[in-house]
Structure formats: C-alpha cells, structure tokens
Amino acid sequence: MAAVALVNCTGDRDAPDAGGFRAGSVDLDDPYVPGSGNGGYDVGHYRLAVRYDPADDRLTGKAEVTATATQPLSRFNLDLAGLDVSSVTVDGAPAKHRHADGELVVTPRQGLGSGSRFTVEVAYAGVPAAVADGVLGSGGFQHTDDGAIALGQPHSAATWFPVNDHPSDKATYDIEVTVPDGLAALSNGVPGERTSADGWTTWRWAERSPMASYLTTLVIGDYRVETGSHAGKPLVTAVPAGLPATGAEAASLARTGEIADFLAGRFGPYPFEAYGGVVVADNRIGYALETQSRPVYGPGFFRTGEPNFGVVAHELAHQWFGNSVALARWGDIWLNEGFASYAEWLWEEHDGGRSAQRSFETQYAATDWSRPTLDPGPGQMFSSAVYKRGALTVHALRRTVGDDAFFQILRAWTTERRDATATTDDFVALAERISGRSLGPFFDTWLTGTAPPALP
Ligand SMILES: [Zn+2]
C-alpha cells in the first residue's frame, strides 16, 4: 500500500552536493505510513488538471505543484503510485526525473536555495491503480460501473496525482476534471465554471483552505447533483442517479446544513468555504470518509432504508477535527476519530435520542481496556480503541473539567489550530491551560491505561 523508499537514495540523503545542496528525505519516518511523504520542501498549492475516460479507464493529468524549499535542495521526491510520467519541469526548465516504486525523484537543473519558492510541473498518464491493501479497505483510484472514485485513508492521492502524501504538508488546491458529457465530476471545495467542448465537460473545484492530501477526492459518474447554498456558502450534494430522489441517502444528505450548524454551535464556526456530501453506490467503498468540505458516504450506511444522520454528524465533525485541525502524525488519529465519534453522541442527544452520558455509560461497559487509544499501531488505526475509547476520553474530560471549560477547550482548539496540524501533547497542554488543572495522569489513564479508569 505505501510507496517504498528508493534504496539507492537513502544512503546519501544527508550528503551535501557541491554548493551545500542536498537531497530531500524520501519519507517522513511516520511508522504508520512507511515511504509516504517527503522532506526538504513544503507544498503551498496544487493545480491539478485531469481528464478521465471511463471507456478505457485512462487518466491523463497535469499537476502544477508550488512549494517552498525548507533546506538547500539538490533533488526531491513526490509520491506517485503507478502512471507514466512524460515530462517534469521546475520553474519552467526541464528537470531530470526518475519514477519507480511509488516515488518520483526530481533533480532540478540547479539547486534550490532554502526558503526559495519553486513550481514543479508534471505531465503524466495511464490507467490508475487502486490501493489493494488499504487499512480502511478498498481505496485509491477505483474504476466503477459508470466512472471512478478516488478515495481512501491514509492513502489515495498518490494514485491520481504527484503529491507530498502526508497530512503534515497541507496545501490549497485547484482541481479541474474533464469527463465525457453527461457524467458528473465531483471534488472538494467551491464549484467553479463548468464548460463543454467536443463531447467533454470540464468541472472545476477550488479548495482555498489548506487540505491534507488524503482528504482530496474525485467522484465521477452518473449522479444527481444538487447545487444550493447554506449560510452564504455553496452546498453541493450528489447521489447516484439510480437511487430514488427521496430515498434514505438523499434524506440523510438533506440535513447536512442543519447538522453542520448544530456542530458549529459546539465547536466554533464552520471552518471551510463550502458544504456538501456525496453518496456512492459502489459496494467496495465500505466506509465513509470526511473528504474536505464534501464527505463521501459508502452504500452500507443506508442499507436499512432509513436515513443515517449519525454518519453525517461524524463526517461533518471531522471538518473541524481532522481536516481544519489536522494530524502531524498518524499515531494521534484519536484526535480525529475520538471527537468525530463523540459528535455522534452529541447529535443523537440533540436529535431526541439517548443522552451523551448514556452513550458513555453503555460504551464504558463494553470497552476492552487492553487496547490503547493513543498510538494504537498501524493495523488498529480504525479500531474501536481509537473511535469508541477515544469518545469515552472526550466525555470523561468533559465530566472532569466541567461543561464550561470543556467547550472552551474545543473552541480554542479549533480556533488556535485552524488550518494547521497538531499533536496529542498539544491538546493536553491546551486542556491544562484552559482548565487550570494538571491533566497528564488523566489522559494517561484514559488513552493508554490497561485497566478501566475510575468514572469521573
Ligand atoms: Zn471518522
């Protein structure tokens, strides 16, 4: 699943070339995603233009990546899984490049000084490959009956564009997708102008808030797209055209604005410039993902035929917890999933269901305390120790510091860390600062202790 680091690069990653320039590191040493991400630069913006033809499953792309060198840089890597690269330029000049094992190694004609801003243009094409063994299940770029879906955590982006594929390097995006007339092409952010020529339609999307790469998505196919607005911002939802306009899927998405407003009342202002959601029908998508400003929901959440507002609350809560405030390292994923799971409890209580306290008590009784919430291990990133025990920790914090301090902590977190990344240590420090209490032992017990903690 992860790209493998080039063996012949690691030996000399610290050796300076003439002039003091040296190669950027080929991965970020995050044990949850070996080989993913790259060092030596920080991406500011991706401008992507891709064309996809479902008839032959072929993608043609041009990526313009604007970045800043964070060291004197002789060469650097981008993650790109599969596909064939035809040309690479750096600041308009042809650059040497090598592409193997998921790594595109780019050597600009001249070294890049630390702090210098540069633009890489990559032209590429091919039949994209799915991520076969993703932790979350099927992911990456997947051909569907009527188009394609690019989706997945922690990996997916590198299957359709060259990218620094780690959440610690967030960037803004312009995404242009050209598909045969009659198909929809949905992505993140604010919709732009749609144009058609010669049987092809180009859909344009702009994500102006920094976005982690795994939160990018493409959904191409035969969809019923509804474009409206909510709270003065565009709201774009889509369900497969084959599903009823008044079915469980459409009914669930219809409360997107209302649920986002409820969460804004608890967490602080909605952090992005657009709202939305996309339901897909492909059974390989056995999950929902909080793709920025426009979550994607797999078909399994609507099997009962009843609307599912819990999953909408979960994915929308991630817009604050996980997207706007993103992870610096995957071992802290409870900062995403614990809070999003807790949001389900808050929404259920608000919507006339059981109280958050009752959810806490039920979950507490059912929890296996031998599994840690913090640093759960790569195979346990999406386990109940992260989601449910994470939510227990959040509610236990609320009981310990009281409602006023608790919601003040959440709002300070989403304000002070907006559009940035953060760690568990950052959260503990913030909670201690606002509550005026020493909380180290509390978090140790709830996040990693192996015995049931005393009830607060
Ligand atoms: Zn989640």
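Guide: We may begin with a strand pair: strand E10 (residues 139–143) and strand E11 (residues 148–151) pair in the antiparallel sense, over four bridges. Helices (H or I, at least four residues) and strands (E, at least two) are DSSP runs, numbered from the N terminus, and two strands pair if DSSP finds at least two bridges between them. This is a predicted model, in which local features need pLDDT of at least 70 and side-chain atom pairs count only at pLDDT 80 or more, while totals for chains, interfaces and linings use all residues. Residues are numbered from 1 along each chain as its sequence is written, and side-chain values use heavy atoms, with hydrogens and water left out.

Visitor: Which residue of E11 does Phe 141 stand opposite?

Guide: In general, strands of a sheet pair through backbone hydrogen bonds, either parallel or antiparallel. Here, Phe 141 faces Ala 150 of E11.

Visitor: To which sheet do E10 and E11 belong, and in what order do its strands lie?

Guide: They belong to an open sheet of five strands, ordered E9-E10-E11-E17-E13, with antiparallel pairing. Strand E9 (130–131) and strand E13 (184–186) are at the edges with a single partner strand each, so one side of each has no neighbour in the sheet.

Visitor: Is strand E16 largely enclosed or left open by the rest of the structure?

Guide: Burial is judged by relative accessible area: buried means under 20%, exposed over 50%, and partly exposed in between (1.4 Å probe, protein chains only). In strand E16 (residues 200–211), nine of the 12 residues are buried, so the strand is largely enclosed by the rest of the structure.

Visitor: Which strands pair with E16?

Guide: Among them is strand E12 (residues 171–180), which pairs with E16 in the antiparallel sense over nine bridges; Thr 178 has Thr 202 as its bridge partner there. Strand E14 (residues 190–191) is also antiparallel to E16, over two bridges, and Pro 191 stands opposite Trp 205. Strand E15 (residues 195–197) pairs with E16 in the antiparallel sense over three bridges, with Thr 202 in E16 as the bridge partner of Thr 195. E15 and E16 form a hairpin with two residues between them, and Asp 198 in the turn has a positive phi of about 55 degrees.

Visitor: How many salt bridges does the structure hold?

Guide: Side chains of opposite charge can pair when their charged atoms come close. The structure holds 15 salt bridges, a salt bridge being a side-chain nitrogen of Lys or Arg within 4 Å of a carboxyl oxygen of Asp or Glu. One of them joins Arg 47 to Glu 64, with the closest N and O atoms 3.9 Å apart. Arg 47 lies in strand E1 (residues 41–53) and Glu 64 in strand E2 (residues 58–69), so this pair ties together parts that are 17 residues apart in sequence. Arg 47 is partly exposed at 42% relative accessible area, and Glu 64 is partly exposed at 22%. Another salt bridge links Glu 348 and Arg 354 (3.6 Å, N to O). Through shared partners, salt bridges also join Arg 47, Glu 64, Asp 174 and Arg 208 into one network.

Visitor: Which residues coordinate the zinc ion?

Guide: Donors are N, O and S atoms within 2.8 Å of the metal (3.2 Å for Na, K and Ca); water is not among the atoms, so sites may look incomplete. The zinc ion is coordinated by His 314 (NE2), His 318 (NE2) and Glu 337 (OE), at 2.0 to 2.1 Å. Along the chain, these donors follow the spacing H-x3-H-x18-E. His 318 lies in the loop between helix H4 (309–317) and strand E23 (325–327), and Glu 337 in helix H5 (residues 334–350), so the pair ties together parts that are 19 residues apart in sequence. His 318 is buried at 0% relative accessibility, and Glu 337 is buried at 1%.
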